[in-house]
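Visitor: I would like a close look at a single part of this protein. Please take me through it step by step.

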Amino acid sequence: MRAVSFAIEPNPSPVAVEERSARLVDPGFGRVFTDHMATMRWSEAQGWHDGRISARQPFQIDPASAVLHYAQEIFEGLKAYRLDDGALALFRPEANARRFQRSARRMAMPELPEELFLSSIRALVRTDADWVPAQDGGSLYLRPFLIASEVFLGVKPASEYLYVVLASSAGSYWKGGTRAVSLWVSHDYSRAAIGGTGEAKCGGNYAASLVAQQEAIRRGYDQVVFLDAAERRWIEELGGMNIFFVFADGTIRTPPLTGTILPGITRDSILQLLRDEGLRVEEAPYAIDDWRADAQSGRVTESFACGTAAVVTPIGQVAGPDYAFTVGSGATGQVTQRILDRLTAIQRGRAPDPHGWLQRIA
Ligand SMILES: *Cc1c(COP(=O)(O)O)cnc(C)c1O
């Protein structure tokens, strides 16, 4: 492989300072984009090449590009934060780099070397540093993705790929801050099956989950929660977040990574923090019937969902076709709040970071 890096070509017409400030007041999630993007290409002949940071703008794509037909696509999601001393930092970006490689393997795509993933992220964040919102809860959400760009309608792993990183200024994921979400348990649709792509971060998983999410919304719930495809019994995860259960005896449980669940970096970080505290944590299956009975008896006192975008989100109401129950008080529980506070304190550089998760950008 040739030595590659990201050549910087500044955007000749960046967004004006006043306009940028206006967009950063209340950026929400996923709508405000920065002036630049990172791109790099891969071909069988050249390997990874042509890395650049350039103006973010629409690119041309041939209508016969493989990704548009067979969904050979993977992505990642991570955040850059502004610390109190003004420096910018990433949270466990090498974990995202490694997961991107695992996703690529599953989708028969070339693996981006960890160092290229990290340097693309760092170069883009440095270039668009002014787009990181200063307010509490603000961050720069980074969205690396890889698409099959070969122009060919035959079904096979493509021989050409395009890697892109977008940066998007983000406020709080949920409008109005953290509040408990309501969940619809899907007994009709599955997100992933053994041997499928559930543990790869690929767009296709999301495409398959949308109809279930749509049903949840139609019924008046915020999010869908999926059960295992084989028995329709074991709780797996939400459409884009992992799930935790807090028991009255202090135990905390999350479903195990058996191939159908996305191995969240937030999930992994929370498990580590809880173990550091000496709490009993279990990666063990949990049945929907047990959740319902335990919430009703008070054996389960809290439940929460977690992921990079929404961090830690309490779960209030839960319902399925012929049942409905409330977890705990239906609002943010004490353990949930403590985990959210501990995690965000580390991400913001306001608490000791014993595992070296925060990576400052020079
Ligand atoms: C990205 C993702 C998560 C959360 O992973 P994090 O690394 O914590 O952001 C959970 N479930 C699905 C399906 C995901 O795509």
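Which side chain meets arginine 92 in a salt bridge?

Guide: The side chain of aspartate 268 meets arginine 92 in a salt bridge, at 3.0 Å from N to O. A salt bridge here is a side-chain nitrogen of Lys or Arg within 4 Å of a carboxyl oxygen of Asp or Glu.

First, some ground rules. This is a predicted model, where local features need pLDDT of at least 70, side-chain atom pairs count only at pLDDT 80 or more, and totals for chains, interfaces and linings use all residues. Residues are numbered from 1 along each chain as its sequence is written, and side-chain values use heavy atoms, leaving out hydrogens and water.

Now step back to the domains. An automatic or database assignment sets their bounds. Domain 1 covers 7-170, and domain 2 covers 181-347. Their centres, taken over C-alpha atoms, are 28 Å apart. Each domain brings 20 residues to the contact, meaning heavy atoms within 4.5 Å. The count between domain 1 and domain 2 is one salt bridge.

How much area is buried between domain 1 and domain 2? About 1,700 Å², with 60% from carbon and sulfur atoms. Buried area is the accessible area (1.4 Å probe) that two parts lose on being put together, summed over both. In domain 1, Phe75, Phe91 and Arg99 lose the most area to domain 2. Together they give 35% of what that side buries.
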